[in-house]
Amino acid sequence: MISGYDNIMKRFRLSPRLLAGITKEARRYFRNARGSHDWDHTGRVDELCQRIGRKEKADLDVLKLAALLHDIGREEEDRSNGKVCHGEKGAALARNILARHGVPVEMADRIVHCIETHRFRRNKTPQTLEAKILFDADKLDSIGAVGARLHNLTIDLRKTRPYTKEDTAYREFQIKLCRIKDRLFTREGRRIARQRHRFMVVFFERLEQEIEGTL
Ligand SMILES: [Fe+2]
Ligand SMILES: [Fe+2]
């Protein structure tokens, strides 16, 4: 059975040209980005979304655009010292970009919902499969070998004692990141999380041993 949404989407194609145009716009928001939320993060989240999306049989076009645009509000959040929520800000910016590029409102609604709910927020939780996948992909990136904060740029190293646990990513892992695997929504997301989690445990064990000089 063809739903109203499928009918509307029959006339719309996410062409390579349109995709390139939106990507170019999204990228502009990362000119001053640093650390773990730079444009490379967006690229990794995009790849993960497609991978999980294929497994979970999600709408890959919605996921593609949601991933590309999910952190475009980040710069404004940083500039406001955290007063602006980048999920909300990004959703508003994305709504505008999508409209200008002629993406149907029905599709834009689905993309915007993903962006709005991709953070740990009690009042805004992912309701659709695509939103759950973006959430999972975004969190998975923070527990991978690439995305994990092995070096914490937000801590003034001169004020910490070397080789204490405050200045290692180990502490961040113990406190926060080790719980991520239990908070994901999709089956495939949880499977990847378990894999990454196991790697992180081994990695930090080794790191600690090297620091202590026992290995
Ligand atoms: Fe984000
Ligand atoms: Fe993100």
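Predicted model: local features only at pLDDT ≥ 70, side-chain atom pairs only at ≥ 80, totals over all residues.
Over the ring of which residue does the charged end of Lys-139 sit, 4.4 Å from its centre? The ring is that of Phe-135. The charged end of Lys-139 also sits over the ring of Phe-120, 5.4 Å from its centre.

## The iron sites

The iron ion (ligand 1) has three protein donors: Asp-71 through OD, His-86 through NE2 and His-118 through NE2. These donors lie 2.1 to 2.2 Å from the ion, and their spacing along the chain is D-x14-H-x31-H. Because His-86 belongs to helix α6 (residues 86-100) and His-118 to the loop between α7 (105-116) and α8 (129-142), the pair ties together parts that are 32 residues apart in sequence. Both histidines are shielded: His-86 counts as buried at 2% relative accessibility, and His-118 counts as buried at 1%.

The iron ion (ligand 2) is coordinated, at 2.1 to 2.2 Å, by His-41 (NE2), His-70 (NE2), Asp-71 (OD) and Asp-138 (OD). The spacing of these donor residues in sequence is H-x28-H-D-x66-D. The angles among the four donor atoms run from 85 to 176°, and the site is irregular.

## Salt bridges

The structure holds 13 salt bridges.

| Asp-141 | Arg-44 | 2.7 Å |

The salt bridge between Asp-141 and Arg-44 links distant parts of the chain: Asp-141 is in helix α8 and Arg-44 in helix α3 (residues 39-56), 97 residues apart. Asp-141 is buried at 5% relative accessibility, whereas Arg-44 is partly exposed, its relative accessible area being 23%.

Lys-181 counts as partly exposed, at 23% relative accessibility.

Arg-206 and Glu-210 share helix α10 (residues 187-212), where they stand four residues apart, about one turn of the helix. Arg-206 is partly exposed, at 47%, and Glu-210 is also partly exposed, at 42%. Elsewhere, salt bridges that share partners join Arg-74, Glu-77 and Arg-119 into one network.

## Leu-98 in helix α6

Helix α6 contains Leu-98. This leucine is buried, with a relative accessible area of 0%. Apart from neighbours within four places in sequence, Leu-98 is in contact with Ile-22, Leu-65, Leu-69, Val-103, Ala-108 and Ile-111. Leu-98 and Asp-109, eleven residues apart in sequence, have their C-alpha atoms 9.8 Å apart in space.

## Aromatic rings

There are five aromatic pairs in the structure. The ring centres of Phe-199 and Phe-203 are 6.0 Å apart and the planes meet at 35°, so this pair is tilted. Both residues belong to helix α10, four residues apart, and are therefore separated by about one helical turn. Phe-199 is partly exposed at 40% relative accessibility, and Phe-203 is partly exposed at 27%.

Phe-203 takes part in another aromatic pair, with Phe-204, which is edge-to-face: the centres are 5.3 Å apart, with 80° between the planes. Phe-204 is buried, with a relative accessible area of 2%.

Phe-120, Phe-135 and Phe-185 form one aromatic cluster. Two of its members return to the opening question: the charged end of Lys-139 sits over the ring of Phe-135 and over the ring of Phe-120.

Note on methods
Residues numbered from 1 in each chain as written. Chains lettered and ligands numbered in written order. Heavy atoms only, no water. Donors = N, O, S within 2.8 Å, 3.2 Å for Na, K, Ca; no water. Helix = DSSP H or I, 4+ residues; strand = E, 2+ residues; numbered from the N terminus. Buried < 20%, exposed > 50% of the residue type's maximum accessible area, 1.4 Å probe, protein only. Salt bridge = Lys/Arg side-chain N within 4 Å of Asp/Glu carboxyl O. Contact = heavy atoms within 4.5 Å. Tetrahedral: all angles 85-135°; square planar, octahedral: opposite > 155°, others 65-115°. Phe/Tyr/Trp six-rings, centres within 6.5 Å; stacked < 30°, edge-to-face > 60°. Lys NZ or Arg CZ within 6 Å of the ring centre and 35° of its normal.
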